Amino acid sequence: MAETIEIALNVNGHARRLRTRVDQRLLDVVREDLRLTGAKEGCGKGECGACTVIVDGRPVDSCLMLAYQADGSSVETIEGLAENGVLHPLQDAFVEEGGAQCGICIPGIIMAGKALLDRGLAGNLCRCTGYTKIFKAVARVAGKSPPAPRTPPTEPSAPSYFRPRSLEEALELMIQRAGELRPVAGGTDILVQAKDGIVDRAALFDLSLVPELKGIEEQSGHLRIGAAVTHTEILESKLVDRFCPALPMACAWVGGPQIRNRGTIGGNVAHGSPAGDTIPPLYAADALVEVVSVSNRREVPISEFFLGPRKTVLASDELILGVRIPKRPGVRGAFLRLGQRQAQAISKVSVAVAMTFKDGRPDWVRVALGAVAPTVIRAPETEKALLSGGYDAFRRALDAVKDEVKPIDDIRSTREYRRAMSAVLLERAVRRITEG
Ligand SMILES: Cc1cc2nc3c(=O)[nH]c(=O)nc-3n(C[C@H](O)[C@H](O)[C@H](O)COP(=O)(O)OP(=O)(O)OC[C@H]3O[C@@H](n4cnc5c(N)ncnc54)[C@H](O)[C@@H]3O)c2cc1C
Ligand code: FES
Ligand code: FES
C-alpha cells in the first residue's frame with residue numbers, strides 16, 4: 001500500500017485538509033474521497049477531457065495530476081458551479097440547447113467551457129451529442145457569465161520528500177532515493193505511462209514547487225526558460241515570441257488547453273521523443289540544455305542531448321534546470337507540423353525554421369525537423385541552399401531536405417509521405433517567414 005500524506009486544498013471555495021495516498025490522482029480524490037462525482041474517467045490518458053476540473057483558474061485533466069500536485073491550490077469542480085440551487089448560466093445554456101445526451105463528457109465540457117469564456121475550448125471529446133449544440137450552448141453564455149471570484153490558494157502542506165521546495169532538496173532526493181523515485185513535472189507523459197502500468201505512481205516526486213525551474217528570463221546574451229515552464233506560459237510570453245518565435249507556434253500545437261496548462265518544456269525535452277514539438281524550435285535556435293546534479297552543472301547543446309528515441313544524455317541523478325536560447329536580434333521563425341488531426345495528435349512530420357536577414361537576404365538560417373529520424377535533426381545542406389541565394393535556391397533546398405530526412409514507416413505514416421511532406425512544410429515555413 002502506497003504511503004499517505006496530508007494535503008491542503010481549497011475545493012469549490014471550502015478549505016479542505018485531506019490524507020491521500022501518494023499514488024492517488026486528483027481525479028481519484030475528487031471522486032472517491034470528496035464524493036464529487038461529476039468529473040468522469042473516460043480515457044484516463046489526457047485525451048477525452050471528461051475529467052476536466054479547474055485548478056488555480058486553469059482547466060486541467062484531473063486524471064493526469066497527482067492529488068498532492070494540487071496541494072495548496074484552489075480546485076473548482078462542476079459541483080461548485082451552481083449557487084444556492086441556481087444553475088450556472090452555462091449549465092442553463094446546455095439544458096436549453098440540448099447540449100447533452102448520455103452526459104458522460106458534459107461536466108468536463110462545461111468546466112472547459114467555463115474556462116473558454118476567458119480563454120479557449122479544445123481537448124474534450126463527446127461521443128454522442130456532437131459539437132454544434134455544445135458550441136451553441138457555450139456561445140450563448142459568452143460575455144454574459146460573470147467571472148467567478150477566484151478562491152484563494154492555501155499553503156502547500158505535502159512533505160518535501162514528495163514536493164521539494166528548492167533545487168537543493170530535489171537534487172538530494174535524486175541521490176538519496178536513486179532508483180526508487182523519478183521526477184514528475186506536468187505528468188502529461190509519465191502519468192500516461194503509469195496508466196499503462198509502465199511506471200508506478202507511488203514512485204514519483206513533484207518538481208512544481210522548485211523555484212529554480214520556473215520563469216522566463218532575459219539574460220545578457222540569452223533567453224532562459226525554466227524546465228517547469230508550461231506550454232501555456234510559453235505561448236503567453238512576449239519574450240519567447242521575440243527571441244524564439246517558432247517555439248510558441250510549436251507549443252500551440254501541443255495537446256489541448258488542459259495538456260498545455262500542465263505539460264512543461266523540461267518534460268517534453270526529457271521525454272526525448274523525436275516527435276516532441278518543442279524540440280525542433282530549440283534545435284533551430286541553437287538552444288543549450290542546462291543540466292544539474294548535486295555535484296555538477298553543465299550545458300549541453302540541444303543537438304547533442306538526444307542519443308535515440310527516448311534516450312538522452314541525462315544521468316539518473318541529473319535534472320534539466322532549463323533551456324538557454326542565444327538572443328539574435330531580428331530573428332524570424334516558423335513551426336509547422338502535420339498530425340492525424342488538427343488537435344490532440346502526435347506529429348507525423350514537423351519543421352522549424354529560424355532566419356535572420358541582412359539587406360533583405362538571409363544571413364543566418366536554421367532548419368530542424370521532427371519525426372523524420374530517430375531524433376530531431378538539423379538539415380545543414382538545406383540550410384546552405386537557402387543561404388546561397390540565386391534564382392533556384394529554394395528549389396535546391398526543397399530537394400536537399402528530402403535527402404536529409406531519414407523517416408520510417410510506422411502506424412502514423414509512411415516513409416515516402418513523410419519525405420514529401422518535409423519539403424511541403426519547409427516551403428510553407430520559409431514563405432511564412434519571408435512573406436509574413
Ligand atoms: C493527450 C495528450 C496530447 C499530447 N500532445 C502532444 C503534442 O501535440 N506534442 C508534444 O510534443 N507532446 C504532446 N504530449 C506529450 C506531453 O504533453 C508533452 O511531452 C509535455 O511537454 C510533457 O511535459 P510534462 O511536464 O507533462 O512531463 P512529465 O510527464 O512530468 O515528465 C516526462 C518525463 O520527463 C521527466 N522530467 C520532467 N521534468 C524533468 C526535469 N526538469 N528534469 C529531468 N527530467 C524531467 C520525467 O521524469 C518523465 O520521465 C501529449 C500528451 C497527451 C497526454
Ligand atoms: S479521463 Fe480522459 S482526459 Fe482524463
Ligand atoms: S453526451 Fe455522451 S459523450 Fe458527450
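A: We begin with a pair of helices: α2 passes α3 in a right-handed crossing. Please bear in mind that this is a predicted model.

Q: How is such a pair described in general?

A: Two packed helices are characterised by the angle between their axes together with the distance separating those axes. Here, the axes of α2 (residues 89–97) and α3 (residues 106–116) come within 10 Å and cross at roughly 125°. The two helices are therefore oblique to each other.

Q: Which residues of α2 and α3 meet?

A: From α2, Leu90, Gln91 and Phe94 meet Ile106, Ile110, Gly113 and Lys114 of α3. Sorted by class, this contact comprises four nonpolar, two polar and one charged residues.

Q: How many residues surround ligand 1, and which are the closest?

A: The shell around ligand 1 holds 35 residues, the closest being Gly46, Gly186, Gly263, Gly267 and Asn268. Elements giving two or more residues to this shell are β6 (182–184), α6 (190–195), α10 (257–262), α11 (265–271) and β14 (319–326). Of these, α11 gives the most, with five residues. By class, the shell has 16 nonpolar, 13 polar and six charged residues.

Q: What is Gly44 in contact with, leaving aside its neighbours within four places in sequence?

A: Gly44 is then in contact with Cys63 and Lys195.

Definitions and conventions. Residues numbered from 1 in each chain as written. Chains lettered and ligands numbered in written order. Predicted model: local features only at pLDDT ≥ 70, side-chain atom pairs only at ≥ 80, totals over all residues. Near = placed C-beta within 6 Å. Helix = DSSP H or I, 4+ residues; strand = E, 2+ residues; numbered from the N terminus. Nonpolar A, V, L, I, M, F, W, Y, C, P; charged D, E, K, R; others polar. Axes fitted to C-alpha atoms, helices over the stretch in contact; angles between N-to-C directions. Parallel < 35°, antiparallel > 145°, perpendicular 65-115°, else oblique. Left-handed = near helix turned anticlockwise from the far one by under 90°. Contact = placed C-beta atoms within 7 Å.
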